[in-house]
Amino acid sequence: MTDSDTSLVSENLTERKDFVFRKPSSTDGSAVFWLIDQCKPLDVNSMYCNLLQCSHFRDTAILAEQNGQLAGFVSGYRLPERPEVLFVWQLAVAPSARGQGLASQMLLQLLQRLGADVRYLHTSITPSNLASWNTFRKLASSLDTELSTSVMFDQQQHFGGAHDSEELLEIGPFSL
Ligand SMILES: CC(C)(COP(=O)(O)OP(=O)(O)OC[C@H]1O[C@@H](n2cnc3c(N)ncnc32)[C@H](O)[C@@H]1OP(=O)(O)O)[C@@H](O)C(=O)NCCC(=O)NCCS
């Protein structure tokens with residue numbers, strides 16, 4: 001392995017317990033599609049969308065494998081007009097890997113990889129998704145920072161009644 005290979009591994013791949021964390025690549029997109037399909041209440045997007053998340057947006061995404069199988073995935077992007085904000089688009093942990101702190105580890109590892117340029121995390125959650133609320137409340141507590149909420153997309157005004165409202169969570173400022 002050359003020096004440049006070694007730095008690539010340390011930048012893209014880290015291991016903790018039996019989970020292996022890395023940036024996704026385009027060949028992960030189809031597995032991500034089937035992971036999201038198992039993770040209600042997440043909306044399933046097109047496989048093409050998952051391919052874009054794993055390629056164009058790979059720098060702001062992370063995946064976790066356990067025994068060579070996809071166990072978790074976070075997609076996101078930095079807000080175009082506020083690049084210090086990471087918007088987490090989807091957070092998914094396979095049913096068999098839940099309750100082991102994997103969601104929390106993926107979020108922290110992604111923020112650590114992004115470093116000091118990112119000082120806020122935003123996401124949206126439906127009011128009834130307790131597991132997700134608890135995950136992001138725990139993250140804010142781990143980062144020793146504030147969490148505030150507001151309506152991002154309203155059930156009637158934005159979704160025409162077809163979807164529950166999405167609450168915007170704003171976490172920060174923090175520095176890693
Ligand atoms: C939400 C989700 C990602 C959590 O994954 P996870 O790896 O099991 O979460 P963690 O183990 O890191 O738990 C983080 C915190 O949330 C809490 N939590 C996790 N699942 C919970 C549940 N079902 N009910 C209540 N609290 C829960 C944990 O207790 C933990 O807090 P604690 O350490 O203080 O006890 C997972 O349940 C999932 O993929 N759900 C379906 C998709 C989804 O809803 N995604 C989020 C949309 S924004």
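**View 1. Strand 5 gives the largest share of the lining of the largest pocket, 7 residues.** Strands here are DSSP runs of E with at least two residues, helices are runs of H or I with at least four, and both are numbered from the N terminus. The model is a predicted one: local features need pLDDT of at least 70, side-chain atom pairs count only at pLDDT 80 or more, and totals for chains, interfaces and linings use all residues. Residues are numbered from 1 along each chain as its sequence is written, and side-chain values use heavy atoms, with hydrogens and water left out.

**View 2. Here is the largest pocket, with a volume of about 960 Å³.** A pocket is an open set of points on a 1 Å grid over the protein atoms alone, where a 1.4 Å probe fits, with protein on both sides within 12 Å along at least five of seven lines; lining residues have an atom within 4 Å of a point. Its volume is the space filled by probe spheres set on the points. Look for Pro41, Leu42, Leu91, Asn129 and Ser132, which lie nearest the centre among the 39 lining residues. Elements giving two or more residues to this lining include helix 4 (102-114) and helix 5 (130-142).

**View 3. Helix 4 and helix 5 have axes that come within 10 Å and cross at roughly 45 degrees.** Axes are lines fitted to C-alpha atoms over the stretch in contact, with angles from 0 to 180 degrees between N-to-C directions. Contact, meaning heavy atoms within 4.5 Å, involves residues including Leu107 of helix 4 and Phe136 of helix 5.
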